[in-house]
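My entries follow in the order in which I made them.

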Amino acid sequence: MTTTMTSGQGNSDVVPGRYWHHLDDGRIQCDVCPRYCKLGEGQRGLCFVRARQNDQVVLTTWGRSSGFCIDPVEKKPLNHFLPGSPVLSFGTAGCNLTCKFCQNHEISKARQMDAVGSLATPDMIVQTAQQWGCSAVAFTYNDPVIFLEYAVDVAKACRAAGIKTIAVTAGYIGREARVEFFRHMDAANVDLKGFTEAFYHKLCSAHLEDVLETLVYLKRETGVWFELTNLVIPGENDGDDEFDAMTRWIMDHLGPDVPLHFSAFHPDWKMMDTPRTPAATLGRARDIALKNGLRYVYVGNVHDHAASSTYCHHCHTRLIGRDWYELSDWKLDEQGNCTECGTACAGVFASQPGQWGRKRQPVRLQASRNVAGNQR
């Protein structure tokens, strides 16, 4: 699917894109993701933010955001990456998937540049993160894969300032592009939306195998800390056989230490008639995952103190207690080991837990005299 560009949208936020090539028929193929949109002059890809201009692919939303908010890192969700710390979160517009259940569709399906009106250069983002004491900046709300050049520029500025970066992504990214993209990320939450090709084809217009390739790449080829989320949708991906197959695959290909979050669905966008996920379904999925050998399995979007907490896989001590996004128990030493038996807990931990809690703080970015023009 492609879209023809309209006039009057301006070019101040347009930068040359990477990962594309010319085709013999005169079109250009975008290679950032496995959708491989083939574009004539003036057309946009399905993601809407990557377009063909002047015989090249460009990103049309560099330095623009749909808004900023400081969240607990657990909301990404990441339970094993600097727990309790505040994260500066933002997104742009557009998406390279067509998920009928999208819970951020006002942003991910936006077709107007007004949705990304906030000026947000890399230095402005770094300064705001420092001002609020954020441990990391998270690319979220829509998939950062589609604004790769902007995300990488922000990540470089963050790394230079000692700030971590987090990608919240569906993992639907091309083989060459993912090398550069993840080289600049410190952590990721990858949304493994289902475990059948039929699910991805029907509800996301995508392919499961491409996502699995990304996960294996992350595990084998990078040092990125990553966790998985599976949104459990009644009647679509909530069968015991699918939970079993998925968690066996995770165990075999990624190992027992990759945290997995089973998250409850609520009716949204094009699936308003689908019921909410029963808590019992999430509990059943968690039991299957634990039985198959995964050590850190959580439930989300429901209030379940026990199934949201972290336990030592050796002595079963509650290492990190969670009540929604509030931390209670903390039984990890400064090296991230269980204080009861000394067993290591997989993850990236500070010597003490953060104290941000469940607060959600919208923020506005302010340009300073150190921010001059386009920092590309």
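**Hairpin of β20 and β21**

I began at the hairpin of β20 and β21, where two residues lie between the strands and tryptophan 324 takes a positive phi near 55 degrees. I note that this is a predicted model, in which local features need pLDDT of at least 70, side-chain atom pairs count only at pLDDT 80 or more, and totals for chains, interfaces and linings use all residues. Residues are numbered from 1 along each chain as its sequence is written, and side-chain values use heavy atoms, with hydrogens and water left out.

Helices (H or I, at least four residues) and strands (E, at least two) are DSSP runs, numbered from the N terminus. Two strands pair if DSSP finds at least two bridges between them. I found β20 (residues 318-323) and β21 (residues 326-330) paired in the antiparallel sense over three bridges. I looked up aspartate 323 and found glutamate 326 in β21 as its bridge partner.

**The open sheet**

Next I traced an open sheet of nine strands, in the order β18-β17-β16-β15-β14-β13-β11-β10-β22, with mixed pairing. Its edge strands are β18 (297-300) and β22 (361-363), each of which pairs on one side only. From one strand to the next the twist averages 25 degrees.

At the β22 end I checked β10 (residues 68-72), which runs antiparallel to β22 and is joined to it by three bridges. Cysteine 69 has proline 362 in β22 as its bridge partner. Helix α2 (residues 122-131) packs on the sheet and touches β10, β11 (86-90), β13 (136-139) and β22; contact means heavy atoms within 4.5 Å. The direction of α2 makes about 150 degrees with that of β11 (axes are lines fitted to C-alpha atoms, for helices over the stretch in contact, and angles run from 0 to 180 degrees between N-to-C directions).

**Helices α3 and α4**

How do the axes of α3 and α4 cross? The axes of α3 (residues 148-160) and α4 (residues 175-183) come within 9 Å and cross at roughly 25 degrees. The two helices are therefore roughly parallel to each other (angles under 35 degrees count as such).

I listed the contact: Leu148, Ala151, Val152 and Arg159 in α3 meet Ala177, Glu180, Phe181 and Arg183 in α4.

Notes: Parallel < 35°, antiparallel > 145°, perpendicular 65-115°, else oblique.
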